[in-house]
Amino acid sequence: MKSRFIEKEFTYTGEQLAPSWIYKNYWIKGDAIVSFIGECNVEIDKMVDIEDYLNDCPIYSPKMLNFIVEHFNIGLVEGVLRQRLFMCIIQEVLLSYLPKGNKIIRKGDDLFFNGGKLSVSICTKSITSVLMHVGINIDTENTPVKAAGLKTDMNFDNIKEIAEDIMNKYILECEQVIDASCKVRGVY
């Protein structure tokens with residue numbers, strides 16, 4: 001699995017959650033994860049989460065740390081499990097940067113800090129792959145829900161370092177899962 005932090009800021013609109021988007025735009029073929037900073041503005045017609053669509057809940061944040069993940073040759077249930085693992089890794093990494101005593105709460109595939117929603121997350125299946133988008137608020141001005149942010153509430157300035165730490169830990173975990181599955185003897 002390969003990763004890249006994209007230096008150029010741009011808006012996540014939901015259109016990036018498409019098969020081979022990473023390959024088409026960044027020449028990274030196969031299982032991959034990329035991260036970038038930018039506004040998050042997902043209109044209702046681009047929503048993948050049907051509950052958000054039915055409840056007319058578009059997603060907006062003025063600045064997020066965004067991750068796009070693509071895995072090939074897995075099913076949606078495994079993809080959702082990997083999404084949950086990814087959220088646990090994000091929680092663990094962010095806590096390692098905070099002073100002791102702080103709490104980040106995970107509820108399913110969402111993270112909360114001091115009662116504010118810190119993240120958005122979705123996993124879906126395309127015709128060729130499983131895709132994930134995770135966004136972590138950096139700034140929270142004008143968000144449609146009570147939100148928390150990496151800069152606004154946690155005073156983080158080292159967003160690229162945090163993104164690379166998260167991606168590296170996720171890749172390592174995925175590699176270790178595959179390794180663990182290869183070292184056991186089948187039973188009858």
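Visitor: Which side chains does the polar contact of 2.8 Å join?

Guide: In this predicted model, the polar contact of 2.8 Å links the side chain of Asn137 with that of Ser61. Asn137 sits in strand β8.

Visitor: Is Asn137 buried or exposed?

Guide: The cut-off to keep in mind is that buried means under 20% relative accessible area. Asn137 has a relative accessible area of 5%, so it is buried.

Visitor: Which residues does Asn137 touch, apart from those up to four places away in sequence?

Guide: Ser61 is one of them, and the others are Lys63, Met64, Lys117, Leu118, Ser119, Ala147, Ala148, Gly149 and Leu150.

Visitor: Let us turn to the helices. How should I read the pattern of buried residues along one of them?

Guide: An α-helix has 3.6 residues a turn, so residues three or four places apart point the same way. Now take α3, which covers residues 76-97. Its buried residues are Gly79, Arg82, Gln83, Phe86, Met87, Ile89, Ile90, Gln91, Val93 and Leu94.

Visitor: How many residues does α3 have, and what distance does it reach from its first C-alpha to its last?

Guide: Helix α3 has 22 residues and reaches 32 Å, close to the 32 Å expected at 1.5 Å a residue.

Visitor: Arg82 is in that list of buried residues. What is its relative accessible area?

Guide: The value for Arg82 is 14%, which means that it counts as buried. Leaving aside neighbours within four places in sequence, Arg82 is in contact with His71, Ile74, Met132, Tyr170 and Cys174. By contrast, Glu51 is 31 residues from Arg82 along the chain, and their C-alpha atoms are separated by 21 Å.

Visitor: And what is the relative accessibility of Leu94?

Guide: Leu94, also found in helix α3, has 0% relative accessibility and therefore counts as buried. Beyond residues up to four places away in sequence, Leu94 touches Ile104, Leu118, Leu150, Phe156 and Ile162. Look at Phe156 in particular: Leu94 and Phe156 are 62 residues apart in sequence, with 9.7 Å between their C-alpha atoms.

Visitor: How far apart are the end C-alpha atoms of α4?

Guide: They are 35 Å apart, which agrees with the 34 Å that its 24 residues should span at 1.5 Å a residue.

Visitor: Which residues of α4 are buried, and what covers them?

Guide: The buried ones are Ile159, Ile162, Ala163, Asp165, Ile166, Met167, Tyr170, Ile171 and Cys174. Their cover includes β1 (2-6), β2, β3, α3 and β8.

Visitor: Where is Ser181, and what does its side chain reach?

Guide: Ser181 belongs to helix α4, which spans residues 159-182. Its side chain reaches the backbone oxygen of Ile178 at 2.7 Å. With 49% relative accessibility, Ser181 counts as partly exposed.

Visitor: Now the loops. Which residue lies in the loop between β1 and α1?

Guide: Glu7 lies there. Glu7 has 55% relative accessibility and so counts as exposed. The side chains of Glu7 and Lys160 are joined by a polar contact of 2.6 Å. Lys100 is 93 residues from Glu7 along the chain, and 30 Å separates their C-alpha atoms.

Visitor: What is the phi of Trp27, and where is this residue placed?

Guide: Trp27 has a positive phi of about 60° although it is not a glycine, and it is in the loop between α1 (21-26) and β2 (32-42). Its relative accessible area is 72%, so Trp27 is exposed.

Visitor: And what is the phi of Asn73?

Guide: Its phi is near 65°, again a positive value in a residue other than glycine. Asn73 lies in the loop between β3 and α3 and is exposed, with a relative accessible area of 79%.

Visitor: How many of the lining residues are nonpolar, polar and charged?

Guide: The lining divides into 15 nonpolar, seven polar and six charged residues.

How values were computed
Residues numbered from 1 in each chain as written. Predicted model: local features only at pLDDT ≥ 70, side-chain atom pairs only at ≥ 80, totals over all residues. Heavy atoms only, no water. Nonpolar A, V, L, I, M, F, W, Y, C, P; charged D, E, K, R; others polar. Helix = DSSP H or I, 4+ residues; strand = E, 2+ residues; numbered from the N terminus. Expected span 1.5 Å × (residues − 1). Buried < 20%, exposed > 50% of the residue type's maximum accessible area, 1.4 Å probe, protein only. Polar contact = N/O pair within 3.5 Å; in protein donor to acceptor, adjacent residues only side chain to side chain. Contact = heavy atoms within 4.5 Å.
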